[in-house]
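The stops below can be selected one after another.

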Amino acid sequence: MLSKTDNELLTRVGPGTPMGDLMREYWVPALPSAEFDAPDSPPKRMRLLGENLIMFRDSNGEMGCVAESCPHRGASLFFGRNEEAGLRCVYHGWKFDVSGACVDMPSEPAESNFKSKVRARAYPCRDVNHMVWVYMGPREVPPPFPAFDVNTLPPENVAPPAIMMEEANWFQNLEGDTDSNHLDYLHSRLDAFRWRLFDEKPQGGSRPGLFFTVWSDKMPRLDVRTTDYGVYYSARRKWDDEFSDRRPGDNTPYEWHRINQFIFPFHTMITGGNTVVLRSFVPLDDNWAMLITQRGSLTERMYDPSKAFPTPLESEVGFIDRTSDPRTYFMTKANRLNDYNRDYEVERTKMVSGVPAVGNLQDRAMTELMANEKGERIYDRSREHLGSLDIMCIAVRRQVLKAVKAYSEDRVLPANVDNVSLDQVRPATVVLPEGADWAAETEQFRSGTSGAPVAWEIKPLRYLTQAEPIEAVGGSGG
Amino acid sequence: MLIKEDNELVTNVKPGTPMGELFRRFWLPVLLASELPVPDCEPVKVRILNEDLIAFRGTDGRAGLIDAFCPHRGAPLFFGRNEEDGLRCVYHGWKFDVDGNCVDLPSAPEGETYKQKIDIISYPCVEAGDLIWAYMGPKEKQPPFPEFEWLSLPKENRYVRKFKLECNYLQAMEGDYDPSHARFLHSKLEDASIPSPLDPNRPVGNPATFVPTDRDANSDPYPRIVGNRRVLARPMAELEDTDSGVIAIGAMQEEDGKWQANLNVTLMLPIFCTAGIAGPNTYSSNMRIPIDNESLMFFRLRWSYDAIPQKDIEEYSQKDWYYPQLIPGTVIPQDNVHNNYNVNRDKQRNENYTGIRTFPLQDIAMMENQWGPIADRTREHLTSWDYMIIHVRQRLLKAARALANGVEPPEPWHPEAYCYRREQAYGATREEAIANVKAKALTTRLGELAKATQAR
């Protein structure tokens, strides 16, 4: 539970708000590079942190991001001509380059130097690994670029971003990523759920992947660690013999740890699969946000230019026809207005929720209906009732509020604004003997610089790191 | 640029505000006369200056404009029965005539005496020039009717239509006296080499208007405009305040030594502008009446001393070069803010400057979103070519402030000064040419016209 004041502080991101100011100190991922497929391609509307923007790729291939309204008399630069290394307002021909400099003002006499006095509000862009990032903050020289794995891997090892538009405040969307326990319910297979609740053992086997994994433990134990860059935690559950390949002769009781990261200001890393990942909950404004998921592989090629656009999610869920309004970008056809295409037959026979288990759709069915008394899709945390499994949520809120207050009151920024090596972390899935020191055991796997592979398999870590006995190989090969 | 307080002052026309009260000192167009086609026709909803009203025509043919809500308990009079010289609320049968008198109150025994005490908001209406006009100010301040020359012309000399725009009236008006935008916004790419009329090195000749050239209306809906996209000169026309508003006069010497003066009407208070491409004998009048602070109804008129040719009428009503095509049954343009005016980026790259089809839509695309529906003029960067915009704002602000301090605006009391039209005249000296053009622009040609008609 939060006071109304703290809730406002946490959720509001417009210009001049404390949280908005903090986010503006960071590089913000905005749109996939493929949205701007060629130099001088049509400019697009974007909205970030409550500001209406126009993004464009100029003749040199440079990305530009400017305030939508022309500084002359406020006409929309959306209609601007993108040509000859700049965006030209069609009202009176004023032209701005990607730096915001007014490079031509043909409506003024030649002897006038007025153009040197006028600037468009422009934000520096970086186009890295298929994603365009924007810096909307006050510094003349932007801070160093975030060193997440997905930004530092070779481009061909990083998939194009998968994006879902979410019709709710950014933070309530993000809180789902800090809440391990909802996996036991919302995203669960129905047979696994009945096993946990009613002790009915499932018939079918398990297969890899979160939505399809079967487990019996209904109460994960959480262990939270705060850091300079945010928070990470382990949620550990009993490792079930029934659906695992236990080696003959091994009687150790094991626990399955899911170790996830929260990184200032709005990123998470959620374990699952043999990839490195970054999930960014990027606010368009207080009521709308994107979930941008970027995945990379340390070993495999993941980028196929022929499939760069549309974003990967589109083929799975379908996006509505878009307009130039950014709120229609990446908006799934299954959405709040059609109850997310909830399928009652699936709900009766297969899954706990009949909302399709794609991307964050089931999560959105939960978070997009949370509203405050004004009807804004901003959850009112002064009315909630938190339980013992919400300690990660609480830790993340505390860290964020602490960071917001430190910045708004003392102008102290979180360490990862300037020390981007702090971004070089990873999530992990490991199976360890009961009582193991999970933080110590996974230190190398939580580091992006240790050279360790991604820890993702739900089998005892010692099976993965120790040579397999020859007889056991024969046994499991059958 | 304006400070925040002035921007709010000049854009806010709600009742009781300085600008709202200033508007309420003038006769204003509220409806096309054709919207009330016959006596006792269906009542029509009207929203003007943030007020919800109902217009109807009585049995005697007179138009009335009254509050949209019955003074009894606020029921909507839109559903009223319009019959026997009055509009009768269907909730309890109260009836009001076009002058706002409660003429029947049948729902209670005390009705006969009580009805005399019932006041409903009602505004006097006049039907003129195919429009219904209303005066929405205090009764004792009602001015004479403005003497627009086109009001007295035969019906076939006029063409008028209305459509709705989603922005404040002022930014929509400001496009009309923004001389530098046309050669950018309205230009066609291939014409960039043709010298601009405002280029000091242009061939000597009439610099008055941008003229559409070579247009094949059937095959090419994209208008073209003459002129390169570069302004090399300082503004030439000088502004002058008149009894009704502001005029702009430019003078230049011809090769033979004679002086030519051109006069354009920048604005007649509070909303009468004259921009728009029109033929040599055709004039335009743009009347943008605020619906509320964030939307307006645009009455766009073409008029001429001759009957408007049938081919022009067809052009106005069926093509969209002068008037945007509307969604059938509405006053909303088909290409509008919700579909980005159907901007075509391929056309923008290869054919015209905007990729938007027609002149009016190109303007509308700019004006409907200047930092939103109400332009934030604190953030502007104005140039020397914005001098008309600056001048008119100051004139409007001055009048609104004066009225707030109890000084009535003089403009409504100069009906003769609303006869100004665009003109051209010559003289031996600059001064003489300017004096001639001013006199000519104010001289009604109706007498001449009557003589010509008789001679025929």
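**Strand pairs and an interface**

Select B:R47 to begin: B:D52 in β3(B) stands opposite this residue. This is a predicted model, in which local features need pLDDT of at least 70, side-chain atom pairs count only at pLDDT 80 or more, and totals for chains, interfaces and linings use all residues. Residues are numbered from 1 along each chain as its sequence is written, while chains are lettered from A and ligands numbered from 1 in the order in which they are written.

Next, show β2(B) with strand β3 (residues 51-57) of chain B; the two pair in the antiparallel sense over five bridges. Strands here are DSSP E runs of at least two residues, helices are H or I runs of at least four, and both are numbered from the N terminus. Two strands pair if DSSP finds at least two bridges between them.

Move to strand β1 (residues 27-32) of chain B. Five of its six residues are buried (20 or more other C-beta atoms within 10 Å of the residue's own, C-beta atoms being placed from the backbone), so the strand is largely enclosed by the rest of the structure. B:P29 has B:W133 in β11(B) as its bridge partner.

Finally, display both chains: 22 residues of chain A are in contact (C-beta atoms, placed from the backbone, within 7 Å) with 29 residues of chain B.

Technical notes:
Contact = placed C-beta atoms within 7 Å. Buried ≥ 20, exposed ≤ 12 C-beta atoms within 10 Å, placed from the backbone.
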